[in-house]
Amino acid sequence: MKNRLYYVLFLLYAIVVAFILYVNGVFTGGDVSLVNLFINVGFLVIIGVLFVISAVSFGRLNNVTDELVDVTFRLQKEYKESGGKNVWGNYQNRSDVFKNEELKGAFNKYRQRMKGLKTKRGVAGPCDLEEYINEDLLDRVGMNFFNSGISGTLTGLGILGTFLGLSMGLGSFHGNDIYTISDNVGSLLSGMKVAFHTSVYGIFFSLVFNIVYRSIMSDAYGKLDEFLSMFRQAAQPVPAREDENSATMLVYQAGMSNALKQMLELMKGSAAEQTAGVERIVDKFTGQMQTALGTDFQKLGNTLKAAGEAQTVSAANAAELIEAVTALVEVNKNVQSALAKVMDRQEKFAGELREQKEKLVNTCNEMSDEISNQLYAFDQMRSLYEK
């Protein structure tokens with residue numbers, strides 16, 4: 001049965017619209033404030049659009065939950081008619097169990113999964129239908145991402161209307177004395193009327209929508225739980241028992257063991273025959289080589305002996321060369337150390353020469369200044385003497 005609780009939203013919406021038009025003087029023929037009327041109508045239009053979108057999502061959710069209820073009744077009936085036996089055989093090859101595309105796609109994925117787990121003795125492992133048909137599917141169909149934010153949006157619209165009405169009233173309120181202020185009280189009250197009305201129906205719709213939305217989703221989750229419970233009882237594929245699986249594994253292991261044993265025996269026989277054949281061939285080849293090439297083998301031995309002695313001498317010469325190179329490296333290190341010390345001394349001597357040069361330059365400058373001063377004093381004394 002469809003959950004039509006969301007129809008209450010449109011009934012209350014019509015009542016609020018009529019009330020707003022009435023208080024703004026549309027039905028009474030009084031003075032109509034067009035600004036107030038336009039603001040309220042604009043806010044109500046936005047709320048109406050949000051309600052329409054939510055109603056569409058709730059309708060889609062109803063189609064899904066109604067089909068879940070129908071299939072639940074069908075499973076219950078078939079389970080009773082079969083005498084309490086599992087009826088998965090009636091559904092494992094059917095792709096038309098559900099008419100809704102979301103449910104059909106999810107159930108077909110479950111069927112494909114069960115076909116992959118099927119063995120000769122039954123289903124290899126358990127797989128629950130809830131992995132495919134679950135609350136996430138209902139949230140997606142019912143646009144939970146959208147409807148969960150409607151309540152806060154309506155409250156925000158009410159607060160926005162409050163500040164907008166106060167801004168309008170205060171913007172038209174001006175004057176310096178009691179007479180001019182009293183003339184502007186009407187515009188202030190008109191703005192406060194907008195603020196009051198938008199706040200009231202914004203918060204009112206937010207509360208009502210939240211109650212309706214939670215009730216619809218709770219009902220949908222309950223129908224889903226009933227369907228899954230009935231499916232597990234009546235049509236959930238039963239996996240093969242553990243003892244059957246164990247027996248199958250033991251038979252398989254015994255067969256593999258016998259096959260491996262036979263292979264090892266064949267390999268042992270083949271290996272023994274091959275080894276004996278190779279030994280006979282080697283013995284025969286060695287005898288023929290010794291008979292045909294006995295003298296040549298002796299020459300080859302002498303040659304190898306001489307080569308070994310030469311290699312020993314070469315190794316001794318190489319060791320002496322290494323020792324000589326090592327001594328040369330040590331000498332080179334000592335020379336480099338001595339050169340480094342000489343360079344340090346030269347740098348130190350160059351520093352001392354620079355200091356002496358600076359001192360000499362300073363002394364010359366001082367002597368030059370002293371001579372200049374004496375010449376200047378002598379010149380002054382000569383001028384005084386001449387006078």
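Which residues do ring pairs link into a cluster? In this predicted model, the cluster consists of Tyr-6, Tyr-7, Tyr-13, Phe-51, Phe-58, Phe-204, Phe-205, Phe-209 and Tyr-213. Across the whole structure, a search finds 20 aromatic pairs.

**Tyr-6 with Phe-58**
- These two rings form a tilted pair, with 5.6 Å centre to centre and 45° between the planes.
- Tyr-6 sits in the segment before H1 and Phe-58 in helix H2, so the pair ties together parts that are 52 residues apart in sequence.
- Buried means under 20% relative accessible area, so Tyr-6 counts as buried at 8%, and Phe-58 counts as buried at 0%.

**Tyr-110 with Phe-231**
- This aromatic pair is edge-to-face, with 5.9 Å centre to centre and 75° between the planes.
- Tyr-110 belongs to helix H3 (residues 101-117) and Phe-231 to helix H8 (residues 185-234), so the pair ties together parts that are 121 residues apart in sequence.
- Both Tyr-110 and Phe-231 are buried.

**Helix H1 against helix H2**
- The axes of H1 (residues 7-23) and H2 (residues 34-81) come within 11 Å and cross at roughly 175°.
- H1 and H2 are therefore roughly antiparallel to each other.
- On the H1 side, the contact is made by Leu-9, Phe-10, Tyr-13, Val-16, Val-17, Ile-20 and Leu-21.
- H2 contributes residues including Leu-37, Asn-40, Leu-44, Gly-48, Phe-51 and Ala-55.
- The residues of this contact divide into 14 nonpolar and two polar, with no charged ones.

Definitions and conventions
Residues numbered from 1 in each chain as written. Predicted model: local features only at pLDDT ≥ 70, side-chain atom pairs only at ≥ 80, totals over all residues. Heavy atoms only, no water. Axes fitted to C-alpha atoms, helices over the stretch in contact; angles between N-to-C directions. Helix = DSSP H or I, 4+ residues; strand = E, 2+ residues; numbered from the N terminus. Parallel < 35°, antiparallel > 145°, perpendicular 65-115°, else oblique. Contact = heavy atoms within 4.5 Å. Nonpolar A, V, L, I, M, F, W, Y, C, P; charged D, E, K, R; others polar. Phe/Tyr/Trp six-rings, centres within 6.5 Å; stacked < 30°, edge-to-face > 60°. Buried < 20%, exposed > 50% of the residue type's maximum accessible area, 1.4 Å probe, protein only.
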